[in-house]
Amino acid sequence: MPTALRWILYPIVVVVGLAAIALAMVAVVLSLAYPNLPSLEILTDYRPKVPLRVYTADGYLLGEFGEERRAVVSIDEVPPIMKQAILAAEDERFYQHSGVDTLGILRALQANLVGGGKRQGASTITQQVAKNFFLSSEKTYTRKLYEALLSFKIEHNLSKDQILELYINQIFLGQRAYGFAAAAQIYFGKSLADLTVAEVAMLAGLPKAPSSDNPVARPKRARIRQQYVLRRMLQLEFISDEQYEEALAQALVIKRDVSERPIHAQYVTEMARQIAAERFPEDVYTRGLRVHTTILKADQEAAYDSVRRGVLDYDRRHGYRGAEGYVDISRIKSEQDEALEELLQDFTDAEDMHPAIVLEVSKKAIRAYRRGGEIVTLSGDGLKFAASMIDNKAPANKRLSRGAIIRVQSDEKDNWRIVQMPEVEAAFLAADPRDGAIRALIGGFDFNRSKFNHTTQAWRQPGSSFKPFIYSAALERGFTAASVVNDERISFPATVTGSQAWEPKNYDGKYEGPMRIRRALARSKNMVSIRLLQASGVRFVQDYVTRFGFDASKHPPYLTMALGAGSATPWQMVAGYAVFANGGYHIRPYIVSQILDDKNQLLAQAAPTTAGDERLRAIDPRNAFLMDSMLRDVTIYGTGARASATLKRRDLAGKTGTTNDQVDAWFCGYQQTVVACSWIGFDQPQNLGRRETGGSAALPIWIGFMSKALKDVPESFLPAPDGIVSVAIPDNGKGPGRELFYKENAPAEIAPIWPADDGSEAED
């Protein structure tokens, strides 16, 4: 063989031999490795970690719990433009290759060599699915080999659409969002079907660097990536030139506060979470449970707005308390110093009440730094509330000076004003009196400040709002709405009260002598309530109130029970008043109607008690009818007259409640379709202030809610049950009238009471 030929053939033989050896080694590796690849059961029986979600009765999301925020969709639910954006960004030859794109690898290799470094990757969507489900992110040749082998196995066992569906639901896209459906909600507050071309391009660009380059963390980097995806979509003819230009020009509205809840129902959401966790403790946050509450969105928002307004109105009536705190800004170099942001970290926003650091203060204006770098100026009316704390005579530890922490709020005209976080707390609960379904629940002023749920956990004295149950017991013992009881001073020795001598008083300090109990309830006369309890028997009444759902041990058998000196929660008070509203049936309030799994299979269902079932009969229907009649007088002529006057209705019933020393203020009442109770007081019981009564502090909250809950709801009244008769009553200076009686108790005539009732209102 000529020497020249040998120099040509030997290298060829060596190369071929080495190639043969390499192929043999690859074949050995494949024959050993492929059978040992993991099972694809995790893909064929895909069970992603889907968070627990809580919904209103009318289908609105209240909140979710879980490490991964995910919404699983089928491939058929993904709009074509979303699929095209993903393919343009990640794997344009997805439907042509068999798991590993050799052309893509060569193209990426060429680009990297020409570019002088690693510029492009060549992982297919199938490879990314293999990595996300089975492998780590380490960059080794062994891992890449297993990734390729797994990709071939996946392609052999699943269709292209199945693989793409797995990718769309599993991929991490930043801000705890897993899957494109979840990301659409988190970043844009939209479903996939509602996204624009610009928005799908933004989402499709996220897989490359989801944590660092998402539109919340680094909007500029996310925008650059979005523009790249749009160019690729144009090149691949997925979009037209016009669509491309329109998408580039669209200004994206990103949800900056990714933790925001669309409905103010944190206490409701937490209650639902606890109920679900108790029922399904093992995998409550990963199996995609859907908890449906009884809450109605419109009612919940009405309750939130009314409680917030009522508490802030109360707070403003009692003046500005001064700076919330102080921070050291002596080393701050400018109004945009990043250290200012750090100093605000310990002060959280409370809805629209934003913490701010005072930078400059004078009697006419205050300049303050608000989170995010905004400098706000407060002047004129915006300073009136805090004027006393700008004065040099103000206490040094409360004075508004440089470095003071204040709260600022923007009004409807975008003018800033000083506000303050209230110290007082409040609760509100509304339910359907027919079955106990909770329609709205506000457990406190600010869930982030205190998780304590005052509607279920706060045992407080109900005060005069408890009197209707005393009166109902009196009717049971033979009293009538026309019975006359003396409203005069009374005193009891310690042997009667069980503790010490007691000389109770009427709230208004006025005593009217003999009066009918209908009028006494309307005017909340303490002396009459005490005498009714005494005549009915305290032991009897203690047992009687359990018919309404109250705990007898919380209402000791003493005459102080007549003034609501026991303990009750708003939850119990709503259940109690529902008995009057529904004609005498004891229902049990409930807040979760059903729990479903991720496939909408029913796991748990509420079994509410419903008015009309005689097994639930708590009181005689005639008793309920008379109490309803008297409680409507409270809202028309009595301590709650503001309710009917404001709402222009005569089918409202209820009772104010103010405890001794104005510690707790209540209003509990109803219309035939909704029963509700509002409460206001301090967590550490203290005086609410002079003339802060149920009528002035709690009733406005109730009215605010009812004004929205009863909009377009026609007036309705309890039908008179059998055995009720109407008897004429004397003129008494106000014209003739009638009174209602049990048929067997109806008198032939009713004696007049002198002096005549003047019809004036009383405070409670």
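## A pair in the antiparallel sheet

L429 has its bridge partner, L441, in β13. This is a predicted model. Strand β12 (residues 425–431) pairs with β13 in the antiparallel sense, over 4 bridges.

The two strands belong to an open sheet of 5 strands. The order is β13-β12-β20-β19-β18, and the pairing is antiparallel. Which strands form the edges? They are β13 (438–442) and β18 (653–658), and each pairs on one side only. From one strand to the next, the twist averages 5 degrees.

## Helices on that sheet

Helix α13 (residues 297–317) packs on the sheet. It touches β12, β13 and β20. Its direction makes about 30 degrees with that of β13.

Helix α25 (residues 694–709) lies across β12, β13, β18, β19 (664–671) and β20. Helix α25 runs at about 30 degrees to β19.

## A676 in strand β20

A676 sits in strand β20, which spans residues 674–681. Is A676 buried or exposed? Its relative accessibility is 1%, so A676 counts as buried.

Several contacts of A676 come from beyond its neighbours within four places in sequence. They are F428, L429, A430, V574, F667, C668, G669, W702 and M706. A676 and L441 are 235 residues apart along the chain. Their C-alpha atoms are separated by 9.6 Å.

## The disulfide

How many disulfides does the structure hold? It holds 1. The disulfide joins C668 to C677, with an S to S distance of 2.5 Å. C668 is buried, and C677 is buried too. C668 is also one of the contacts of A676.

## L441 and the nonpolar cores

The largest nonpolar core has 86 residues. Which residues have the most contacts inside it? They are L441, F469, M573, Y577 and F580. Helix α22 (residues 570–581) gives the largest share of this core, 8 residues. A second, separate core has 52 residues, among them A130, I154, V197 and M202.

L441 is in contact with Y267, V268, M271, I295, Q300, F428, L429, N453, T455, W571 and I591, leaving aside its neighbours within four places in sequence.

## T455 in helix α16

T455 lies in helix α16 (residues 454–457). At 0% relative accessibility, T455 counts as buried. Its side chain makes a polar contact with the side chain of N453, at 2.6 Å.

What else does T455 touch? Not counting residues up to four places away in sequence, T455 touches A427, F428, L429, L441, I442, G443, T569, P570 and W571.

## An enclosed helix

Helix α20 covers residues 526–536. Why is α20 described as largely enclosed by the rest of the structure? The reason is that 9 of its 11 residues are buried. They are N526, M527, V528, S529, I530, R531, L532, L533 and S536.

What covers these buried residues? The cover includes α17 (467–476), β14 (484–487), β15 (513–516), α19 (517–522) and α21 (538–544). Just after α20, G537 takes a positive phi of about 100 degrees.

## A mixed sheet

Another open sheet of 5 strands has the order β2-β1-β5-β16-β17. Its pairing is mixed. The edge strands are β2 (61–65) and β17 (602–605), and each pairs on one side only. The twist averages 15 degrees from one strand to the next.

Strand β16 (residues 592–596) and β17 run antiparallel, joined by 3 bridges. In β17, Q605 is the bridge partner of Q594. Helix α12 (residues 266–279) packs on the sheet. It touches β1 (52–55), β2, β5 (290–293), β16 and β17. The direction of α12 makes about 50 degrees with that of β2.

## The whole protein

The protein has 25 helices and 22 strands. Of its 764 residues, 52% are buried. Among contacts with a separation of 6 or more, 69% come from residues 24 or more positions apart.

Notes: Residues are numbered from 1 along each chain as its sequence is written. This is a predicted model: local features need pLDDT of at least 70, side-chain atom pairs count only at pLDDT 80 or more; totals for chains, interfaces and linings use all residues. Side-chain values use heavy atoms; hydrogens and water are left out. Buried means under 20% relative accessible area, exposed over 50%, partly exposed in between (1.4 Å probe, protein chains only). Contact means heavy atoms within 4.5 Å. A nonpolar core is a set of buried Ala, Val, Leu, Ile, Met, Phe, Trp, Tyr and Cys residues joined through side-chain atoms within 4.5 Å. Two strands pair if DSSP finds at least two bridges between them. Axes are lines fitted to C-alpha atoms, for helices over the stretch in contact, and angles run from 0 to 180 degrees between N-to-C directions. A polar contact is a pair of N or O atoms within 3.5 Å; within protein, one must be able to donate a hydrogen and the other to accept it, and residues adjacent in sequence count only if both atoms are side-chain atoms. A disulfide is a pair of cysteine sulfur atoms within 2.5 Å.
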